[in-house]
Amino acid sequence: MKTFVKDLLDNKDLIALISSILIGIATIIISVISAYFVYQQTKIYREQTDIQKKQTQPVFVVRIWQQQDGDDGKYGTEILEVHNYGSRILKCNISTMVLYRLARNKELKNDTIYAQVLDYFNSSVIDNSNDTMIKRTWRTGNNRIFAENYMQAIQVSKKGDGLYFLDKIILSKITYTDILGEEHTLFFDRNNEISEEIYNGYFDVSRKVWNNIAFSLDKISFNLMKEKMDEYIP
């Protein structure tokens, strides 16, 4: 009888131990399930928040076009407009910068330099009406001046001293405050959104060549850039 009671007590201890282990395992399982549920709920909440924020954001579109500025039929003035087709904004600051880019192919080698043009656009208007346009900027005759330098690059290329191509990079930086009061900054190359790193990279490569010098539209030219390229990249 004593042996039976002793065995029963021992079994009770074993059962209690097993019960404790099972309860511990169950607790762990419940904790894992709870943590996973919280994670999923948090993920859903974040996704919903992101969707709501996106619905309150503006949709910027950069348009660049030319118009005639004389009686010769040429489209000599280039105009840049920034439009918003999304949600309204509280504040907005837009800056636009142009860089000339000269590319050269000579003796199977390709080289490129950039030059910052400060006043390619020197006039602007801000539109506070209900239209989509936020800002328009231009300079009379800017595209005509660029076209003259572009043609000089073509003429020099015909002489056989390498092939030259001149074009321009038109960058915009848009800093705005959305209707939630949050500030954002976007960067554009023409109408293509780019990263801040790419945006800053254009200015970095220009400064390396010109030692932080930037030019007015009347001072920069194909000939000046060609001379600099011959000096900087023989």
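Q: Which residues does Tyr-120 touch, not counting residues up to four places away in sequence?
A: This is a predicted model, in which local features need pLDDT of at least 70, side-chain atom pairs count only at pLDDT 80 or more, and totals for chains, interfaces and linings use all residues. Residues are numbered from 1 along each chain as its sequence is written, and side-chain values use heavy atoms, with hydrogens and water left out. Contact here means heavy atoms within 4.5 Å. With residues up to four places away set aside, Tyr-120 touches Glu-78, Val-98, Tyr-100, Arg-139, Asn-142, Asn-143, Phe-146, Lys-168 and Leu-217.

Q: Is Tyr-120 buried or exposed?
A: Look for Tyr-120 in the loop between E4 and strand E5 (123-126). Buried means under 20% relative accessible area, exposed over 50%, and partly exposed in between (1.4 Å probe, protein chains only). With a relative accessibility of 1%, Tyr-120 counts as buried.

Q: How many helices and strands does the chain have?
A: Helices (H or I, at least four residues) and strands (E, at least two) are DSSP runs, numbered from the N terminus. Buried residues make up 33% of the chain's 234 residues. The secondary structure comes to four helices and nine strands.

Q: Within what arc do the buried residues of H2 fall, seen down its axis?
A: Helix H2 (residues 142-158) has Asn-142, Asn-143, Phe-146, Asn-149, Ala-153, Val-156 and Ser-157 as its buried residues. They pack against several elements, including strand E1 (60-67), strand E2 (77-84) and H4. The arc is taken over the directions from the helix axis to the C-beta atoms. Down the axis of H2, the buried residues line one face, because they fall within an arc of 145°.

Q: Which residues does Ser-157 touch, not counting residues up to four places away in sequence?
A: Ser-157 sits in helix H2. Its relative accessibility is 13%, so Ser-157 counts as buried. Beyond four places in sequence, Ser-157 touches Gly-162, Leu-163 and Tyr-164.

Q: How far does H3 reach from its first C-alpha to its last?
A: The expected span of a helix is 1.5 Å times one less than its number of residues. For the 15 residues of H3 that expectation is 21 Å, and the helix comes close to it, reaching 22 Å.

Q: Which residues are exposed on the other side of H3?
A: Tyr-199, Tyr-202, Phe-203, Ser-206, Val-209 and Trp-210 are buried in H3. These buried residues fall within an arc of 125° seen down the axis, so they line one face of H3. Their cover includes E3, strand E4 (109-117) and strand E8 (183-189). The exposed residues on the other side are Glu-197 and Lys-208.

Q: At what angle do H3 and H4 pack?
A: Axes are lines fitted to C-alpha atoms, for helices over the stretch in contact, and angles run from 0 to 180 degrees between N-to-C directions. Helix H3 (residues 196-210) and helix H4 (residues 222-232) have axes 11 Å apart and pack at an angle of about 75°.

Q: Which residues of H4 make the contact with H3?
A: On the H3 side, the contact is made by Lys-208, Val-209 and Trp-210.
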